Every structure is written in structure tokens, then in C-alpha cells.
Amino acid sequence: MTLKQIEHQISDIRQQQGVSFQLLQERGLYPASVYHIERGENYSFLTILKYLQLLNSHLAVNGSSVDDIVSLGAMLHDERVRQGYSLVSLGKSAQISARTIINIEKGRGYTKMNINKYLSKVKVDLSIQFLL
């Protein structure tokens, strides 16, 4: 699944569960952040992970549940190396700096725009897993 498909699915999940913007705000996720995700605009990637948790869900990469942004970064790093990309080769190919790649892989703050560039070259299967 692409990140765009994940965004659409999150919107559908929220509506199916009847979760209001007010409830999300009470739990620390501001409506503007929700709108950015559901409209596919640029946002901090940490926000999408928080949003999924509030919907009793997790992001999964290649079938493995992502608990937080640090574990996501580690999974992406392992996949980048497995696919044969160095920092320099991925940076040139995806048109992002080595520092941005390091930030993604260390779980430091980054935006949807940067993760999309990263994922345009490092292919992973994204999905949403529901918690019981």
C-alpha cells in the first residue's frame, strides 16, 4: 500500500469508528493535523503514527508492526541496506540529503514529503494493522 492509500484508509477507519475531531483533540491530536493527513498534505510523520494509535491501529512495514518512529526508522534502514542503497546512492536517486536519510532512519522529525522521496526508491509494503 502506498502512503496515499494509507491516508485514505485512516480517514475511512476514523469515519467507520465514529471518532470525532473533538475526541481526537481531547487526546492531543489537533484537527488541523488530522485534516493534513486526510487531505494528503504535508505533515510530520510522527503525527500519522499517533493518529493510528488513537484509532487502535498500527502502521506495519513488510508485515511487521511499527510501535514508534524509532522502530520505523530502524526497519527502513535495514530495508535500504538490504536493497543495496548507500546513503549517497539513495540521496542522489531520491533527491534528498544524506542528513535527511539519517534523520528518517534514526526516527528524528521528518515530513511526509521527505518520507515519500525515500519510499520512492526504497520499496516497502505499508499496511495498517488493527489492535485487538
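Begin by selecting Gly40, which sits in the loop between α3 and α4; helices here (H or I, at least four residues) and strands (E, at least two) are DSSP runs, numbered from the N terminus. The model is a predicted one, in which local features need pLDDT of at least 70 and side-chain atom pairs count only at pLDDT 80 or more, while totals for chains, interfaces and linings use all residues. Residues are numbered from 1 along each chain as its sequence is written, and side-chain values use heavy atoms, with hydrogens and water left out.

Gly40 has 28% relative accessibility and therefore counts as partly exposed, the scheme being buried under 20% relative accessible area, exposed over 50% and partly exposed in between, with a 1.4 Å probe and protein chains only. Leaving aside neighbours within four places in sequence, Gly40 is in contact (heavy atoms within 4.5 Å) with Glu7 and Lys112.

On the α3 side, pick Ser33, Val34, Ile37 and Glu38, which meet Thr47, Ile48 and Tyr51 of α4. The residues of this contact comprise 4 nonpolar, 2 polar and 1 charged; Ala, Val, Leu, Ile, Met, Phe, Trp, Tyr, Cys and Pro count as nonpolar, Asp, Glu, Lys and Arg as charged, and the others, Gly among them, as polar.

Now move to α7 and select Glu105, which belongs to this helix (residues 98-106). With 10% relative accessibility, Glu105 counts as buried, and, apart from neighbours within four places in sequence, Glu105 is in contact with Gly73, Ala74, Leu76, His77, Arg80, Leu87 and Tyr118. Thr100, Ile101, Asn103 and Ile104 are also among the buried residues of α7, and what covers the buried residues of this helix includes α5, α6 (87-94) and α8. Just after α7, look at Gly107, which takes a positive phi of about 75 degrees.

On a 1 Å grid over the protein atoms alone, a cavity is a set of points where a 1.4 Å probe fits but cannot get out, and a pocket is an open set with protein on both sides within 12 Å along at least five of seven lines, lining residues having an atom within 4 Å of a point. Grid points are joined across faces, edges and corners, and a volume is the space filled by probe spheres set on the points.

The largest pocket holds about 150 Å³; to see its lining, select Met1, Thr2, Leu3, Lys4, Asn116, Leu119, Ser120, Lys123, Val124 and Leu126. Both α1 (3-17) and α8 (112-119) supply at least two residues each to the lining of the largest pocket.

Finish at the second largest cavity, with a volume of about 30 Å³, by selecting its lining residues Phe45, Leu59, Leu72, Leu76, Ile115, Leu119 and Leu126. This lining of the second largest cavity has 7 nonpolar residues, no polar and no charged.
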